[in-house]
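Here is a short report on one protein model.

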Amino acid sequence: PELYEKLVTLECGNMLFCQRWLLLGFKRESKNFSMAVKIFTMLNAVKPTHYLTLQGGKKCGILSLDMFLVVAVLSSFRKEILSFKDQTDVYQWTCKLKLADMAAIATAKQLYNRYAKQED
């Protein structure tokens, strides 16, 4: 809740900047084509079959691995994000983020698998 509230305060509550991470990440990683292909394959290899279950049991939207990658990145950089002063800080940070250097990819797979087991 604290991280989400901070993002709302920074006018980033809609999470559109997360799509920017993925797009910029692939653009940057295209210099290392094999890594870009590996990340793209990993994100698309898991068929999104699980639904986000809200409190009360209501199902809301299909979950895919890229959503868990976003959660893993937000979690990994939580302290840094909480220190941001404005939306510009968010976008500057987004531009520096590199997908290939992040352990968040493995974390995203673990989170997805853990959630999928919960749902089954």
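Glu11 counts as exposed, at 61% relative accessibility. Here buried means under 20% relative accessible area, exposed means over 50%, and partly exposed lies in between, with a 1.4 Å probe and protein chains only. Glu11 sits in the loop between helix 1 and helix 2. Its phi is near 60°, a positive value in a residue other than glycine.

This is a predicted model, where local features need pLDDT of at least 70, side-chain atom pairs count only at pLDDT 80 or more, and totals for chains, interfaces and linings use all residues. Residues are numbered from 1 along each chain as its sequence is written, and side-chain values use heavy atoms, with hydrogens and water left out.

**The whole chain**

The protein has seven helices and two strands. From the N terminus on, the order is α-α-α-β-β-α-α-α-α. Helices (H or I, at least four residues) and strands (E, at least two) are DSSP runs, numbered from the N terminus. Of the 120 residues, 32% count as buried. The protein exposes about 7,900 Å², and carbon and sulfur atoms supply 56% of that area. Accessible areas come from the Shrake-Rupley method with a 1.4 Å probe; for residues, only the protein chains shown count as cover.

How many of the contacts between residues at least 6 apart in sequence join residues at least 24 apart? The share is 68%. A contact means heavy atoms within 4.5 Å.

**Residues in and between helices**

Thr94 is found in helix 6. Is Thr94 buried or exposed? Thr94 counts as buried, because its relative accessibility is 0%. Its side chain reaches the backbone oxygen of Val90 at 2.8 Å. That is a polar contact: a pair of N or O atoms within 3.5 Å, where within protein one must be able to donate a hydrogen and the other to accept it, and residues adjacent in sequence count only if both atoms are side-chain atoms.

Thr88 is also placed in helix 6. Thr88 is partly exposed, with a relative accessible area of 45%.

Ser83 belongs to the loop between helix 5 (78-82) and helix 6 (87-96). Ser83 is partly exposed, at 42% relative accessible area. The Ser83 side chain reaches the backbone oxygen of Glu80 at 2.6 Å.

Cys18 lies in helix 2. Cys18 counts as buried, because its relative accessibility is 5%.

| Pair | Apart in sequence | C-alpha to C-alpha |
|---|---|---|
| Ser83 and Lys6 | 77 residues | 9.1 Å |
| Cys18 and Asp66 | 48 residues | 9.6 Å |
| Thr88 and Leu10 | 78 residues | 8.9 Å |

**The largest pocket**

About 510 Å³ of space lies in the largest pocket. On a 1 Å grid over the protein atoms alone, a pocket is an open set of points where a 1.4 Å probe fits, with protein on both sides within 12 Å along at least five of seven lines; lining residues have an atom within 4 Å of a point. Its volume is the space filled by probe spheres set on the points, which are joined across faces, edges and corners.

The lining has 20 residues, and Met67, Phe68, Val70, Val71 and Leu74 lie nearest the centre. Which helix gives the most to this lining? Helix 4 does, with six residues. Helix 1 (2-9), helix 2 (16-29), helix 4 (65-76) and helix 7 (104-119) each supply at least two.

By class, the lining has 16 nonpolar, two polar and two charged residues. Ala, Val, Leu, Ile, Met, Phe, Trp, Tyr, Cys and Pro count as nonpolar, Asp, Glu, Lys and Arg as charged, and the others, Gly among them, as polar.
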